[in-house]
Amino acid sequence: MQAQQKPGIHRGVSTYCWYPLYNVNMDLEDSFMIMQDMGAHGLEILADGIIKGYPYPSKEWLNKWFALCDHYEIVPVEYGHWVESKLFRGRESTVEESLEQLIHDIKLASYMGFTCMRTKLGVIDGKLTPTLIWRDVIRKALPYAEKYNVVMQPEIHSPTRLTDQMIMDYVEFIEKEDTQFFGFNVDFGTFQNKPTPGRELPPGFKMNPSLPEDIIPLLPYIHCCHAKYYNMSEDFDETTIPYVEIINIMKEHGWNGYLLSEYEGPNKESYNHCMTQVRRHHVMLKRLLGE
Amino acid sequence: MLEYEGVQYKGFRNLYNEDGEAIGFQVGIRLITYRGAWLSQFRFAYVEVDGEKYRADRCTFVVSGVEYTYEETFTLGRVKWPLDEAMIIRVKKPGGLSQGNHTVSALYGEVASYIPGDAGEIDETRTSHGHSEAIGFTREMIIV
């Protein structure tokens with residue numbers, strides 16, 4: 001697996017960082033140039049918004065994709081996709097309809113060189129509990145994930161905490177199925193313990209956020225993380241998430257994988273602001289990782 | 001390339017029949033988010049011009065050159081409104097819009113299965129556009 005070639009913690013970027021600006025004043029090549037500037041080679045795409053003609057890109061577009069990845073030294077890490085449960089009015093998608101979406105994305109992700117997928121399942125409540133058919137859907141998709149060598153990963157996102165029952169259910173499923181093709185993407189927003197300036201407190205914060213050490217038992221199942229940032233200060237500190245503790249724990253436990261920057265702070269409509277924030281984030285990550 | 005705003009300036013003009021009579025107008029909208037929408041998950045409330053609301057029964061929706069009624073979109077779970085494309089809304093209005101200044105807004109969104117809540121029509125009592133920033137959903141625009 002390309003993304004796991006070298007041991008250690010590597011840096012990358014999710015195209016989520018650019019979303020209100022993408023297609024407005026930047027395109028795929030621009031985002032690759034920014035990553036190259038920062039030496040952040042790992043890439044997460046949100047497949048739907050990035051792949052021209054999704055879910056059926058042209059051969060021409062795919063050839064361009066491979067050429068750009070090659071030229072800008074981009075490592076396709078995570079393919080973000082959704083399994084839509086509320087696709088049609090008045091009813092939930094069936095297992096077959098869910099699988100049709102999922103299997104297509106597994107094949108496309110693999111072809112494009114990705115080793116992980118951020119598999120977003122539909123939810124049924126405010127605690128983000130996945131649809132009741134998730135086990136059936138994932139179990140039936142596992143042979144495809146194995147054949148195409150990509151790991152499906154739900155994103156563990158605030159207000160979900162790493163100690164919640166949902167996480168226990170996922171771990172139990174992984175162990176019961178004895179699979180390496182289902183895991184987690186932990187979004188660092190689950191650790192947020194200080195408010196974002198100018199914003200109300202997030203729901204996860206009110207319920208007591210995850211603690212950095214909560215990640216330890218889950219590390220074997222995590223292939224990449226959303227390195228969430230809300231507020232990078234002028235002196236290159238993320239002021240809302242305990243990054244030092246989290247990164248130190250991951251280093252101490254020998255975790256291998258990619259940290260993918262994901263900006264969810266204010267002023268996303270400002271190109272200058274977003275570019276300043278992402279560069280500050282990578283200054284911080286480089287320092288913490290000892291690069 | 002798209003304009004940042006939800007309501008797109010380019011494409012805003014009157015529509016004419018073969019006899020040269022104005023029969024309505026069109027305006028483009030885009031999704032200010034990170035993914036496109038399956039047409040079955042598209043939700044539309046209205047286009048509003050100078051205080052008058054034009055609802056789905058007076059509108060058709062053009063995606064990648066193909067025109068749909070709102071009802072036709074309900075079953076299209078495998079047709080995408082691509083993120084990089086403006087959807088053109090064609091509005092029936094005999095005589096079209098007058099030459100000059102207009103205040104144009106649109107209320108629309110998409111259902112997201114990973115966000116809690118039902119998949120019904122847009123709650124018009126809320127001003128928020130789902131998870132999109134509420135920027136550029138009202139614009140001052142000129143008909144030439």
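Visitor: Before the details, what are the ground rules here?
Guide: This is a predicted model, where local features need pLDDT of at least 70, side-chain atom pairs count only at pLDDT 80 or more, and totals for chains, interfaces and linings use all residues. Residues are numbered from 1 along each chain as its sequence is written, chains are lettered from A and ligands numbered from 1 in the order in which they are written, and side-chain values use heavy atoms, with hydrogens and water left out.

Visitor: OK, backbone then. Where is Pro55(A)?
Guide: Pro55(A) sits in the loop between helix 2 (47-50) and helix 3 (59-71) of chain A. Helices here are DSSP runs of H or I with at least four residues, strands are E runs of at least two, and both are numbered from the N terminus. The peptide bond from Tyr54(A) into Pro55(A) is cis, with omega near 5°.

Visitor: Speaking of phi, what is it for Asn23(A)?
Guide: Near 75°, a positive value in a non-glycine residue. Asn23(A) belongs to the loop between strand 1 (9-14) and helix 1 (28-38) of chain A.

Visitor: Is Asn23(A) buried or exposed?
Guide: Buried, at 12% relative accessibility. Buried means under 20% relative accessible area, exposed over 50%, and partly exposed in between (1.4 Å probe, protein chains only).

Visitor: How about Asp50(B)?
Guide: Asp50(B) has phi near 50°, again positive without being glycine. Its relative accessible area of 45% makes it partly exposed.

Visitor: Switching to the sheet: what's the strand order in chain A?
Guide: It's an open sheet of 9 strands, ordered 5-4-3-2-1-9-8-7-6, with parallel pairing. Two strands pair if DSSP finds at least two bridges between them. Strand 5 (151-153) and strand 6 of chain A are the edges, each pairing on one side only.

Visitor: How many bridges join strand 7 to strand 8 in chain A?
Guide: There are 4 between strand 7 (184-187) and strand 8 (222-229) of chain A. Asp187(A) stands opposite His226(A) in strand 8 of chain A.
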